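Hi everyone, thanks for making time today. I'd like to walk you through one model, so let me put it up on the screen.

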Amino acid sequence: MKYDPQIEEHVAHRNFNLCPHCIHRGEPGLLSRLCESMPMISRSDGKTFHVLLADRPLAYPQERHSDAPDCVSLCFWYCHIATGSTTHALVVILPQARLDQPVLFRVIDSVADLLAAELLRTNHLASLYQFSGNALRSLAH
Ligand SMILES: [Zn+2]
């Protein structure tokens with residue numbers, strides 16, 4: 001998956017609190033998260049899916065070794081009409097990223113765009129991805 005500026009035209013709804021896809025399905029639409037004190041990062045096409053950043057970015061791995069590279073892990077939740085109202089979780093690893101990076105949330109916005117593009121195309125996501133070079137790569141687990 002590579003970044004494609006046209007994604008923004010198809011994924012009309014960005015960073016909302018009330019989900020147009022859930023409201024379209026007759027559900028309340030208020031998206032809850034594990035951490036409410038961070039910016040809302042969410043995407044939807046208004047009908048078939050939503051995807052959102054579920055928790056604050058975390059250092060990865062959690063147990064630090066002196067020679068371990070800096071990584072950040074992101075937990076996203078998504079819901080697609082292909083699987084009813086089930087919420088699925090996935091993790092995206094950002095290599096060479098730091099939690100105190102000023103542009104971190106801009107990077108997360110790009111990741112959300114790519115996840116939304118993938119949901120538009122395939123209806124589902126893998127459970128683990130790595131983001132580098134503006135592309136998402138699914139990792140075997
Ligand atoms: Zn929704």
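This is a predicted model: local features need pLDDT of at least 70, side-chain atom pairs count only at pLDDT 80 or more; totals for chains, interfaces and linings use all residues.

Now let's step back to the overall layout. The protein has three helices and eight strands, and along the sequence they run α-β-α-β-β-β-β-β-α-β-β. There are 141 residues, of which 26% count as buried. If you take contacts between residues at least 6 apart in sequence, 56% of them join residues at least 24 apart.

Back to α3, then. This helix covers residues 104-122, so 19 residues in total, by the DSSP assignment. From first C-alpha to last it reaches 27 Å, close to the 27 Å expected at 1.5 Å a residue. Its buried residues include Ile108, Val111, Leu115 and Leu119, and also Asp113 and Glu118.

In soluble globular proteins, nonpolar side chains tend to be buried together. Here the largest nonpolar core has 27 residues, and among those with the most contacts inside it are Val51, Leu53, Phe76 and Ala112. At least two residues each come from β3, β5, β6, α3 and β7, with α3 giving the largest share, eight residues.

Leaving out residues up to four places away in sequence, Leu74 touches Leu53, Pro57, Val91, Val92 and Leu94, plus Ile108 and Val111. Happy to take questions!

Methods
Residues are numbered from 1 along each chain as its sequence is written. Helices (H or I, at least four residues) and strands (E, at least two) are DSSP runs, numbered from the N terminus. The expected span of a helix is 1.5 Å times one less than its number of residues. A residue is buried if 20 or more other C-beta atoms lie within 10 Å of its own, exposed if 12 or fewer, and partly exposed in between; C-beta atoms are placed from the backbone. A nonpolar core is a set of buried Ala, Val, Leu, Ile, Met, Phe, Trp, Tyr and Cys residues joined through C-beta atoms within 7 Å. Two residues are in contact if their C-beta atoms, placed from the backbone, lie within 7 Å.
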